[in-house]
Amino acid sequence: MKKKLILIIGLLLTFLSIFGISFEELYKQNLNKSSTYVQAEMNLKNAELEMKQIDQFFLPYVQVSLDTILKANILSSEGFLKESETSVGGILFDSSGDIIGYSFSLKTNFAEVFGTSIGLSFPFKIYFDDDKSGFYGPWSTIEYITTSAGTPITVEEKLYEQIAIVASRDLKKVDKAERLSTESKYYSALSSYYLAQTNEFINTIEDIFNRYYNEKTIELTQKQIDILKNQYESATEEKAKDEIEKQILTAQKTLEGLKANNVSLEYFDFTEDLYTETRNIIDTIISQNTDVSIDLSERLDLKALHLNEESSKIQKKFWFLPYLPFSTLTLKVQPFTSDENDEWKPSWSIGLDFQLTIFDKGERKLASDNMKSNLANLTYEESLKQIEETIMGLETKRKTLNFDVSINQIDLKNAQEDYEKNIDLYKKGFITQDDLSLSEIALQMNKLNLENTENSLKVNELRLMQQYYVNLWGDNN
């Protein structure tokens, strides 16, 4: 509802200036040009994917693998030696060492339960020798004739017996810590995405405000210089000419600085309608967020750090995992196998990866020390302190800007009174038209300074809201 109201205001103002750029268009242009935002968006998508992998039971994955299996001759129940093929890296060899085909497995992981990945494995074979050429799938039966001790025998290979349900578990992964760590990465990515959006949002506002202030000040300063040059030409006393020349030089110095500052802001077409639209948008945002929650624990980045801290506490209890020689436990069940009498007899097997590192360069100790470290807790405390200091700085700036507003209001009041006096003096002939014009410029400059300070105060309010992750412009938080 909030964004709709802001958009309506923006669209009404944009309609008044058809050929001028709107605030939202400029903001989107700046977003698309921001590498920080694009990277934050990609990181968020990646973090969301990792969260889905943890939260969802059904996780479809398809893998194609080439098995490396060495098969020896097998003694059959009839006493014959059955000559078996050999598979190395998916390439099939016969007993003579000739390539006779290819074999591969199609593996699908469809679920993860308590850190255990569950899937199916389907065998496929391609033969191109004379006896059994063709493509064979998981429900195929391959028949071919071979010899054993000079006696021809018929061999029947049932590929469906190799269909397997495979469950594998990483023994070095702590599920609870892994989940907290993944959730932490998600909130951290969401925080970076929010900050990238809001920083670009506020920076766009500042650019528009600064462009307005620079354009107006350049215009007034140029008028001031032109009037001072007229006064210099008409002055007769050397002392008066020197004083006017000093004023001209000071104004020219100011003008050059303003022009230089304005160069970086000339990347967009500026109109006063754009400026007015921007001010109205900010006023609406501020008025709708007068009761902002100041609970820092709800900050996305602190949530991420807190979850990471909890994950670290759990990991400390398992500091010994890097030293274990076991990594993965695999349970394989082949439900369609049969015995030698052709009776259904499912088979199963358990595999345990074993890898014992005798010597290393300290990798295991470093991994263990990282699990035992107190870094996550220190990072949380330091970040919280830094956030509190940032908020305190913004609140202090709010106070000083309010003082500046009061000072500018006094200056404006005095400038208004001086201008009214000068009008009276001009009518009586005591001052020239140039003197009156300079007084009018001083009045306009004071109005502009007050407006600029008020704009800075508005921007500071947005910065404060950003610290509490307020939804400023449809941000994903």
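Student: At what angle do helix α9 and helix α10 pack?

Tutor: This is a predicted model, in which local features need pLDDT of at least 70, side-chain atom pairs count only at pLDDT 80 or more, and totals for chains, interfaces and linings use all residues. Residues are numbered from 1 along each chain as its sequence is written, and side-chain values use heavy atoms, without hydrogens and water. Helices (DSSP runs of H or I, at least four residues) and strands (E, at least two) are numbered from the N terminus. Helix α9 (residues 375–428) and helix α10 (residues 433–467) have axes 8 Å apart, and the angle, on a scale from 0 to 180 degrees between N-to-C directions, is about 165°.

Student: How is α9 oriented relative to α10?

Tutor: Angles over 145 degrees count as roughly antiparallel. The angle here is about 165°. Therefore α9 is, relative to α10, roughly antiparallel.

Student: What is the angle between helix α4 and helix α5, and how is α4 oriented relative to α5?

Tutor: Helix α4 (residues 175–234) and helix α5 (residues 238–263) have axes 9 Å apart and pack at about 155°. That angle therefore makes α4, relative to α5, roughly antiparallel.

Student: Which residue forms a salt bridge with aspartate 283?

Tutor: A salt bridge requires a side-chain nitrogen of Lys or Arg within 4 Å of a carboxyl oxygen of Asp or Glu, and the count comes to nine. For aspartate 283, the closest N and O atoms are 2.6 Å apart, and the partner is lysine 458.

Student: How many residues apart are aspartate 283 and lysine 458?

Tutor: Aspartate 283 lies in helix α6 (residues 272–287), and lysine 458 lies in helix α10. The pair links distant parts of the chain, and the separation in residues is 175.

Notes: Angles under 35 degrees count as roughly parallel, over 145 as roughly antiparallel, 65 to 115 as roughly perpendicular and the rest as oblique.
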